[in-house]
Structures are given as C-alpha cells and as structure tokens.
Amino acid sequence: MSSDKKKMTRGELGLQVIIFGLGFFYAIVYYVAVPGIVDLQAVSDQLLAYITAVLTAAFAIGVINLTRVHYFNIKRKRATWRYSIILLVSLFSMLVFSVIASPFALDPNAAVIPAGVIQFSTPIWDFLYYKVLVNINSSIFSLLAFFIASAAYRAFRARSLESTILLVAGLLVVLGQAPIADLIWPGFSIIRDWIMAFPNTAGQRGILIGAALGIVVFSVRRMIRYPW
Amino acid sequence: MRNGVLATSLKSDPRLVYVILLLVITVPLLTHSAVAVPISPTTLALYQFIQNLPANSLVVESFDYATSVVPELHPQAIVVTQQLFLRPLKVLFVALDPNGPPLADAVLDTVNKGNKTYGVDYANLGFIPNSATLIGMPLSISEFLPLDTHNNPTASLPIIKEFPAIKLASLVITFDDDSSAAYSYVQYWEGRYNIPVAVGATATVAPGLMPLYSSGQLVGLLFSIRAAAEYEELLSQQYHCCLGISGASASMVALSASHLLIVAMVVFANAAYFIGRRTSRRNK
Amino acid sequence: MFELIAGRISQAVLLIIVLAAIYEVTRIAVKKKLKTRGIPGLERINEWIKEAAKRGRPVFFTPGTGVITTPDTLASMTLLGYVAKHCVEYGAQIIVANSDPQVQQLTEDIVKGAYTKAGKEKEFTPDMVRYVSTRQFAYAAGVMGILRREKPAVNFFVGDFQAEALQVAEAGRAEALYQFGGTTNTDQLSFFATTCDQTLIGEELYTAQGYLSADPEAISKLVGPDAGKILAILLILVGAVLVTFGNSLLIYLLGL
C-alpha cells in the first residue's frame, strides 16, 4: 500500500472537506461553548441522531444479506442447509414476536394490533427471551471457561524471565480470586489486590495512553488526508 | 514418563481438560457445598458508601449488560438492589443496553421490596437511547425520558417530582459488561456533575477499570459473581437475611475449585515441560 | 462570545502541545530518515497468504464486534484492504465475517474494490463477505461455525473485540496454520497473545498501515507519536515527584 499522492478528484475533495469539517466540529464542541447564541452540544447531538438514523437503515440490509445467504443455502441444499432453516425461522419468529409483545413493541396500547394477539404473544416472547435467548447466550459465554483453561494450560510456560514473571503473577491473581485459597492463606487476596492496584493499573494505563495517542494521530491523519 | 504421556495428551486433545473442568465445576454445584468468602476492598467500598447515604437519597441503577453475562452480573444487580431496598433510599432504573429494561424487571421480581411502592420509591425508566438523553438527564429526566417502562408519564411519578434531575442523585451504579457504560457515566455524569459512580463488572472487564477506582473516579467496583457472594455475606452480617438470594454464594466452591484446577494444570504443565527439557538435555 | 468549557481547558492545551510535538518530531524523523522498531509479523502476512493460496484454503478476516465509529474497527479496515489486495493477487479465497451491518457494507466495498482494481470483478461473490449477528455471542457462535466448516489457513482477528475474542481465536487455532490478532482492548490482548502467532498490541493497530506501505518515509513518520508518549512520561514523573512532596500544582493545572 504505497502513499497516495495522486491529485484528488472533485468528489474526493468534497468528501475530504466534509470529513475534516465534521471531525473539527466535534473536536471543538468538546472544548468550546458559545453561550447565549447556539448550544453547540445540542447541534452535535442532533447531527449524531441524523447519522444514527441513516446508519440504522443498514440493519435492514444486514437482515436481507443474512436471509439471502441462508435462503441460497437451503435452495442449493448445501451441507448445512438444515441449520439455515432453523436460523431463518428463529430470526423471523423473534422479529414478529418482538414487534408485537416485547418492551419495545410497536403498538403496546393495542391501537392497531388486536389486544388478543398481544396477550397471546406476550408469554411466547417472555419464554423465547428469558428461557431460550438468555440461556443460550449464557451457554456460549460459559464456553470461555473451557477455552481459558486450555489456553492457560498451553500458553503459561516459564520459557524466559518475562514469561516466568507473567506466569507467577497470573497464578497469584487466580489464587487470590478463589475464596478457598484465602482460607488456606489470607495473603493470597492481599497479593492479588496489590497486583491489581499497582502493576495491572500501571500496565493498563500505559496501553490506554498509547492507544489514545494512536487514535488521535490516526483521526487527525484521516481528517487532513495525511499520506502515510 | 507417565507425566509426559498425560502432559502430551492434555496438550494435544483439549477435550480432556474440558472434561476435568466440567467435573470440577458441576460436582460442588450438585452437592451444594459452601465456603466463607473474604470481602474485597472494592466491594466493601461500595457497600459502605450505600450504607452511609443519607435517608431519601436518590440512587440510579443502570443495566448495561447483555443476556450472555446474566450469570455473572445479574447476581450483583440482585444483591445491590436488595441493599438499596433495605435502606430508606429512592431508586431509578435505567439502561444503556436495550436488553437492560427486561433484566431490571427480572431483578425487581426477585428482590424483597418490603413496603416500597412503584412510582414513589422506585421506577423503571427504561432504555436511554442516545448520548443526547444521557447528557440531558442530569438537567431534566422527564424531558428526555417522557415515559417509563409501564408507559406512565415520568413527570407524573412522585419520585420524579421529588428528583426531577439526575444531578440530584447521590450515586449511579452501572452493571456493565464491556466498560463502555462505565466510561460514559464517568465522563458525562461524574465528570460534569460530580455524581459518584460505581461499577459492577465481569471478571474480564473489571481489571481494566481499576485505574478509575484507584484515581477516585469510581467509589466502588464489583468483580464478577464473587462480589455478589461477598455482598450476600455483608447483607447477612448486617440484616441477617439475603444469603443465597442471588445464588452467588452457592457457586463459590465451584468457582474456587475451577481456579485451583487451572493453577494445578499450569504447575503440572510447567513441571512436565522442565522434566522433558532436562531429559532431552541428558539424552544429548 | 466563545468560551472554553471549564475542566477541559488543560486538555485542549495538552492536545495542541501533543499534536505540535508529534508534527515536529515527524518532520525531523523524515528529514533524518529515522526508523522505529518493526512490528513482528506484519512482514509475514504476504507469505502466509501465499501459503493459503498454495494449499487451496481460504483466508479469514473479521473486524470484531465494534461499530463503524469505533477507531479499532476503522483501523482494521486498512489491514483488510491490504489482505484483500494480496488475496486477489495470489488467488486465495477471502472470507470476511462481520458483526455490524454497517461495517459489513464497508468490508464488502473494500473486498469488492480489491477484485475490481485487479480486473477480476467477476470472481467476487457476495458470500465472501458475511453478516453474522450483532449480538456478541451469536456472532461468536457464527464465526466459530465458519472456522470449523471453511477451515481457513490464515485467520485475521483485527479490530474491536470483547469477551468473544478467546472463543473465536481458540476455535480458529484448532484449524488454521497461522493466526494474526490485534486490538486495543486490554482485557482481550492477553487472549490474542496466547492464541495468535502475531499480535498487534494497542497503538500498533493504528500504525500498521504505515509499516505495510514499506515506504521508508512512511515508516519514519511513525516516530512522531512517540513524542506524545515521551510528554506523557514526563508529566507522570513530574506529577509523581510533586505529589510525593505534597505539592498538588500539577493536579490543579490538569483540572482546569
């Protein structure tokens, strides 16, 4: 990817002016106020609301993309076509019940949708949300425990001084988190608290500062189209 | 040699690790084992902060986690909400995550509300849809959240008449699964209006929030389900109730066992590694 | 008429000083042709993609669960452009999985653009760029499924990741020859470090484009942000010494 030093077309120039203008405006709004004349914060929030509204349309495109991919899976009877049926049925049934009977229902006061339909749909939505969605999501999340165990077993090796320090610190924090370990020796939680409060905080801050500087430079370079 | 065979098996087929871990977690849960939980300083800080709030102070609870972390953060939400209802405090429930409002309702269905009345002592204001609302609420709640989750006009609720703006709140507690809500509240509410903020976070996110706690921007920080068990212990000591209310205490033995297993596996793997290295050096 | 918002004046001043320092140091670095340390692994991306093409296995890329306004996601797009370009060049199939539908529009545009620029627009199919799910663990499950079924040779997990990072990286590790990770999320970096062959840590994600350009001037320009870090270190040291001796002047100044 070489530096882009070509002359900009008019369209590219216009786009770059918009990028710079919006970026500069949002930066200024954070630091400067114009009291009594215009509420810059309200203007920026309104702009953001418009942008969000436009971007939200992309959700519909995402659903269309998903539907298209899995429809062709089913039509061409690809290897996992049965799962595609389950996906599409789940997607559209949850969509329908959420529109009718969720906390974000379109017509909670039954102005258009018959009250009987809402009454029928509400326990179904409750079941799908609390008994199915919450539990499935939690199950996938809980796979992390197994992955962490296998990753820790595989990766924590005292191959060098740095990895040994990492290993020892990691083990001490894990021990400090286990309530039973504190019953064996109360020092584990004291050591854990110290590691979390000092080396961990220091490391987190260092990475945060570096990342923040990276974001600032990256953003400014995008705004002024600075060639790499 | 036996070490080498087992070590190689564990490394090449992680399913053995998974089976051992599964057994170590499920056996304590099925046998209902229990263990006392030492109290962390960050958990105690939040508990004492709430205990020291003057009567009739307003506390805002924000449900900013998805359904996937319900096992980790829901117990925290239950015990903290229970403490708030045991004290003479007013509570508003909001959410920066669309999943938040039904989860707040689920917590309200679980806790013992005593003689607290909806609309007078607590209310669920629902989802905060954008940053404009987040920024505006400290100045006027009903202007930015006109309806609660029961479709009542918020301006008509006695609790909102008493506290028309969030800047009158004495504490904001966010249960956050990715630290974005924590940073939002610290930036917009704590930074501008000096409203104290506390966070209940998952085990992977909480260490990243320690800089905020260390600098005083957070008044308390709850680490995962263990903090919920610690909270149950604190409530039990003070109010002689609530042990087991969130299910957190019952999982502490399983949690401890899984941690100790990971430590044991890492030590075992390193022992096998060093023995293997020494053996190969000798063979050379 | 204009007034600086209280509590942010020192931030504005610091920002101007940092940007000025970065600009000046960049200018000097380019003039003196200074070089920074390399980022391990970036130079190996080419050979990994070549090997994937040789084995007839796809290259997998995912920018994580961030939305289009997340800096990490935007930074990952520059790497995607590079990966897509070389996949087209070497004839390796590319699969991109997205969590956000807006990001999916962008990634589709980038991948399609790579094919179009190489004159191979007919080889691009919409299946290459997939929207999985906005929900975190539905996305994780979907990506794990793609990795198990498609068995890519090279995986790129670069962008904004939350708790699903380890799941997708572990699932990918079982099948792939090489894995490349990158994020600024400190909670997930350790997981990438244990499961990926190479990892972009923190700000390396934002400087990757400069390294990939292989332009000596571009590489010299990467020295610039280090000026900001040196300023931060000086502030921390001065502040620590002052606070130790009971002086809170710096805290007062930074709070203006």
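**Reading strands, helices, cores and interfaces**

Q: Which residue of strand 6 of chain C stands opposite Val158(C)?

A: Two strands are said to pair if DSSP finds at least two bridges between them, and strands (E, at least two residues), like helices (H or I, at least four residues), are DSSP runs numbered from the N terminus. Here Val158(C) stands opposite Gly182(C) in strand 6 of chain C, and strand 5 of chain C pairs with strand 6 (residues 178-183) in the parallel sense over 5 bridges. This is a predicted model, in which local features need pLDDT of at least 70 and side-chain atom pairs count only at pLDDT 80 or more, while totals for chains, interfaces and linings use all residues. Residues are numbered from 1 along each chain as its sequence is written, and chains are lettered from A and ligands numbered from 1 in the order in which they are written.

Q: How many bridges join strand 2 of chain C to strand 5 of chain C, and how many of the residues of strand 5 are buried?

A: A residue is buried if 20 or more other C-beta atoms lie within 10 Å of its own, exposed if 12 or fewer, and partly exposed in between, with C-beta atoms placed from the backbone. Strand 2 and strand 5 of chain C run parallel and are joined by 5 bridges, with Val59(C) opposite Val154(C) in strand 5. Strand 5 (residues 154-160) is mostly covered, since 7 of its 7 residues count as buried.

Q: How should I read helix 4 of chain C, and what covers its buried residues?

A: The expected span of a helix is 1.5 Å times one less than its number of residues. Helix 4 of chain C (residues 101-117) has 17 residues and reaches 24 Å from its first C-alpha to its last, close to the 24 Å expected at 1.5 Å a residue. Its buried residues include Val103(C), Thr107(C), Ile110(C), Val111(C) and Ala114(C). An α-helix has 3.6 residues a turn, so residues three or four places apart point the same way. The cover over the buried residues of this helix includes helix 2 of chain A, together with strand 2 (59-64), helix 3 (71-90), strand 3 (94-98) and strand 4 (129-131) of chain C. Just after helix 4 of chain C, Gly119(C) takes a positive phi of about 75°.

Q: Which residues have the most contacts inside the largest nonpolar core?

A: In soluble globular proteins, nonpolar side chains tend to be buried together. A nonpolar core is a set of buried Ala, Val, Leu, Ile, Met, Phe, Trp, Tyr and Cys residues joined through C-beta atoms within 7 Å. The largest such core has 189 residues, and those with the most contacts inside it are Val197(B), Leu209(B), Leu221(B), Ile49(C), Val59(C), Val83(C) and Ile94(C). Helix 4 of chain A contributes the largest share of this core, 13 residues. Two residues are in contact if their C-beta atoms, placed from the backbone, lie within 7 Å. Leaving aside residues up to four places away in sequence, Val83(C) touches Ile45(C), Ile49(C), Val59(C), Phe61(C), Ile94(C) and Phe156(C).

Q: How many residues of chain A are in contact with chain C, and which helix of chain A gives the most to that side?

A: In chain A, 41 residues are in contact with 50 residues of chain C. Helix 1 (10-31), strand 1 (32-33), helix 2 (40-75), helix 4 (115-155) and helix 7 (187-223) of chain A each supply at least two residues of this side, and helix 7 gives the most, with 11 residues. For the classes, Ala, Val, Leu, Ile, Met, Phe, Trp, Tyr, Cys and Pro count as nonpolar, Asp, Glu, Lys and Arg as charged, and the others, Gly among them, as polar. The side of chain A that touches chain C has 31 nonpolar, 10 polar and no charged residues. Strand 1 of chain A also pairs with strand 1 (residues 3-4) of chain C in the antiparallel sense over 2 bridges, and Val32(A) stands opposite Leu4(C) there.

Q: What does the side of chain B that touches chain A have by class?

A: In chain B, 44 residues are in contact with 42 residues of chain A. Helix 12 of chain B gives the most to the side that touches chain A, with 13 residues. By class, this side of chain B has 30 nonpolar, 12 polar and 2 charged residues.

Q: How far apart do the centres of domain 1 and domain 2 of chain C lie?

A: Domain bounds come from an automatic or database domain assignment. For chain C the assignment gives domain 1 (9-34 + 223-254) and domain 2 (42-216), whose centres, taken over C-alpha atoms, are separated by 34 Å.
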